[in-house]
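Welcome! Take a moment to look over the sequence and the fold before reading on.

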Amino acid sequence: MIVRDLNDARQTERLVNADGWDSTRLLLAGDDMGFSFHITRIHQGTSHVFHYKHHFESVYCISGEGSIEELDTGKVHPIRPGVMYALDQHDRHRLSATSEMVMACCFNPPVTGQEVHREDGSYAPVLEDA
Ligand code: 9YT
(Lines give C-alpha, C1' and ligand atoms only; values in the text may rest on other atoms or scores of the structure.)
Protein backbone atom coordinates (compact mmCIF):
# COMPACT_ATOMS: atom_id res chain seq x y z
CA MET A 1 0.00 0.00 0.00
CA ILE A 2 1.11 3.51 -0.76
CA VAL A 3 0.08 6.34 1.59
CA ARG A 4 1.22 9.90 0.96
CA ASP A 5 0.24 13.23 2.45
CA LEU A 6 -0.21 16.15 0.04
CA ASN A 7 1.30 18.63 2.49
CA ASP A 8 4.40 16.46 2.91
CA ALA A 9 4.68 15.88 -0.84
CA ARG A 10 4.59 19.64 -1.44
CA GLN A 11 7.88 19.91 0.50
CA THR A 12 9.62 17.61 -2.01
CA GLU A 13 10.45 17.45 -5.70
CA ARG A 14 6.95 16.02 -6.22
CA LEU A 15 5.81 19.66 -6.35
CA VAL A 16 6.38 20.95 -9.88
CA ASN A 17 5.99 24.70 -10.44
CA ALA A 18 5.16 26.15 -13.82
CA ASP A 19 3.96 29.49 -15.14
CA GLY A 20 0.46 29.97 -13.69
CA TRP A 21 0.04 26.52 -12.19
CA ASP A 22 1.66 23.94 -9.98
CA SER A 23 1.21 20.21 -9.66
CA THR A 24 2.03 17.81 -6.86
CA ARG A 25 2.55 14.35 -8.29
CA LEU A 26 1.26 11.98 -5.60
CA LEU A 27 1.58 8.92 -7.82
CA LEU A 28 4.06 8.59 -10.66
CA ALA A 29 5.02 6.02 -13.27
CA GLY A 30 7.54 4.51 -10.85
CA ASP A 31 4.69 3.51 -8.54
CA ASP A 32 3.52 1.00 -11.20
CA MET A 33 -0.17 1.80 -10.89
CA GLY A 34 -0.74 2.33 -14.62
CA PHE A 35 -1.70 5.97 -14.07
CA SER A 36 -0.35 9.01 -12.28
CA PHE A 37 -2.34 11.09 -9.81
CA HIS A 38 -1.72 14.78 -9.22
CA ILE A 39 -3.19 17.67 -7.30
CA THR A 40 -2.95 20.75 -9.49
CA ARG A 41 -3.54 24.39 -8.62
CA ILE A 42 -4.39 26.71 -11.50
CA HIS A 43 -3.64 30.22 -10.32
CA GLN A 44 -6.34 32.87 -10.30
CA GLY A 45 -6.64 34.86 -13.51
CA THR A 46 -4.48 32.55 -15.61
CA SER A 47 -5.37 30.82 -18.85
CA HIS A 48 -3.54 27.88 -20.43
CA VAL A 49 -3.67 26.03 -23.73
CA PHE A 50 -2.90 22.35 -23.19
CA HIS A 51 -2.88 19.48 -25.64
CA TYR A 52 -2.00 16.09 -24.21
CA LYS A 53 -1.34 14.37 -27.52
CA HIS A 54 0.29 11.38 -25.88
CA HIS A 55 -1.80 11.03 -22.72
CA PHE A 56 -5.38 10.72 -21.55
CA GLU A 57 -6.26 12.96 -18.62
CA SER A 58 -9.26 13.19 -16.35
CA VAL A 59 -9.67 16.14 -14.01
CA TYR A 60 -12.00 16.67 -11.04
CA CYS A 61 -12.47 20.19 -9.63
CA ILE A 62 -12.21 20.23 -5.83
CA SER A 63 -12.41 24.00 -5.38
CA GLY A 64 -12.33 27.23 -7.34
CA GLU A 65 -14.05 28.26 -10.54
CA GLY A 66 -13.22 28.76 -14.17
CA SER A 67 -13.86 27.25 -17.57
CA ILE A 68 -12.57 24.84 -20.17
CA GLU A 69 -12.87 25.60 -23.86
CA GLU A 70 -12.75 22.87 -26.50
CA LEU A 71 -10.49 24.53 -29.05
CA ASP A 72 -11.72 22.41 -31.98
CA THR A 73 -15.33 23.56 -31.53
CA GLY A 74 -15.19 26.70 -29.38
CA LYS A 75 -17.53 25.07 -26.86
CA VAL A 76 -16.98 26.41 -23.32
CA HIS A 77 -17.85 24.47 -20.16
CA PRO A 78 -17.95 26.08 -16.73
CA ILE A 79 -15.72 24.44 -14.14
CA ARG A 80 -16.77 24.49 -10.50
CA PRO A 81 -16.43 22.09 -7.56
CA GLY A 82 -17.89 18.70 -8.45
CA VAL A 83 -17.29 18.98 -12.20
CA MET A 84 -15.11 16.37 -13.94
CA TYR A 85 -13.79 16.49 -17.48
CA ALA A 86 -11.98 13.75 -19.37
CA LEU A 87 -9.80 14.39 -22.41
CA ASP A 88 -10.75 11.14 -24.09
CA GLN A 89 -9.98 12.50 -27.59
CA HIS A 90 -6.64 14.10 -26.62
CA ASP A 91 -8.66 17.30 -26.89
CA ARG A 92 -6.79 20.56 -27.34
CA HIS A 93 -8.25 22.93 -24.78
CA ARG A 94 -7.94 26.22 -22.94
CA LEU A 95 -8.26 26.10 -19.16
CA SER A 96 -9.01 29.42 -17.44
CA ALA A 97 -9.28 30.14 -13.73
CA THR A 98 -11.42 33.01 -12.45
CA SER A 99 -10.41 31.96 -8.93
CA GLU A 100 -7.66 29.55 -7.96
CA MET A 101 -8.80 26.07 -8.98
CA VAL A 102 -7.63 22.99 -7.10
CA MET A 103 -8.00 19.91 -9.25
CA ALA A 104 -7.32 16.19 -8.92
CA CYS A 105 -5.86 14.82 -12.17
CA CYS A 106 -5.15 11.32 -13.47
CA PHE A 107 -2.86 10.67 -16.43
CA ASN A 108 -2.66 7.53 -18.52
CA PRO A 109 0.08 6.64 -19.30
CA PRO A 110 1.47 7.93 -16.03
CA VAL A 111 3.86 10.86 -16.08
CA THR A 112 7.33 10.06 -14.87
CA GLY A 113 8.17 13.09 -12.74
CA GLN A 114 9.06 16.57 -13.77
CA GLU A 115 7.02 17.03 -16.95
CA VAL A 116 5.92 20.51 -17.89
CA HIS A 117 4.22 21.42 -21.13
CA ARG A 118 6.19 21.65 -24.34
CA GLU A 119 5.68 24.42 -26.89
CA ASP A 120 2.73 22.55 -28.43
CA GLY A 121 0.97 22.10 -25.06
CA SER A 122 1.81 18.40 -24.76
CA TYR A 123 3.89 16.31 -22.41
CA ALA A 124 6.53 14.09 -24.00
CA PRO A 125 5.41 10.56 -24.83
CA VAL A 126 6.50 7.70 -22.64
CA LEU A 127 9.38 6.00 -24.41
CA GLU A 128 8.81 2.35 -25.11
CA ASP A 129 11.46 -0.07 -23.89
CA ALA A 130 13.84 -0.98 -26.72
C1 9YT B 1 -5.63 20.47 -15.18
C2 9YT B 1 -4.34 20.51 -15.90
O3 9YT B 1 -4.19 20.04 -17.00
N4 9YT B 1 -3.37 21.13 -15.24
C5 9YT B 1 -2.05 21.24 -15.77
C6 9YT B 1 -1.08 20.40 -15.01
C7 9YT B 1 -1.33 18.93 -15.15
N8 9YT B 1 -2.64 18.54 -14.84
C9 9YT B 1 -0.38 18.18 -14.23
O10 9YT B 1 0.74 17.91 -14.65
O11 9YT B 1 -0.78 17.91 -13.11
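## A space inside

A cavity here is a set of grid points where a 1.4 Å probe fits but cannot get out. By this rule, the predicted model has one cavity of 30 Å³ or more. The largest cavity has a volume of about 120 Å³.

Which residues lie nearest the centre of the largest cavity? They are Thr40, Phe50, Tyr52, Glu57 and Cys105, out of a lining of 17 residues. The lining divides into eleven nonpolar, four polar and two charged residues.

## Where the lining comes from

Let us turn to the elements around this space. Those that give two or more residues to the lining of the largest cavity are strand S2 (21-27), strand S3 (36-42), S5 and S10.

## The sheet

Strands of a sheet pair through backbone hydrogen bonds, either parallel or antiparallel. In this model, six strands form an open sheet in the order S1-S2-S3-S10-S5-S8, and their pairing is antiparallel. At the edges you will find strand S1 (15-18) and strand S8 (84-86), each of which pairs on one side only. From one strand to the next, the twist averages 20 degrees.

## A pair to look at

How many bridges join strand S5 to strand S10? There are seven, linking residues 56-63 of S5 to residues 101-108 of S10, and these two strands run antiparallel. To find your way along the pair, look for Cys61, which stands opposite Met103 in S10. Both S5 and S10 are also among the elements that give two or more residues to the lining of the largest cavity.

Technical notes: Residues are numbered from 1 along each chain as its sequence is written. This is a predicted model: local features need pLDDT of at least 70, side-chain atom pairs count only at pLDDT 80 or more; totals for chains, interfaces and linings use all residues. Side-chain values use heavy atoms; hydrogens and water are left out. Two strands pair if DSSP finds at least two bridges between them. Helices (H or I, at least four residues) and strands (E, at least two) are DSSP runs, numbered from the N terminus. Axes are lines fitted to C-alpha atoms, for helices over the stretch in contact, and angles run from 0 to 180 degrees between N-to-C directions. On a 1 Å grid over the protein atoms alone, a cavity is a set of points where a 1.4 Å probe fits but cannot get out, and a pocket is an open set with protein on both sides within 12 Å along at least five of seven lines; lining residues have an atom within 4 Å of a point. Grid points are joined across faces, edges and corners, and a volume is the space filled by probe spheres set on the points. Ala, Val, Leu, Ile, Met, Phe, Trp, Tyr, Cys and Pro count as nonpolar, Asp, Glu, Lys and Arg as charged, and the others, Gly among them, as polar.
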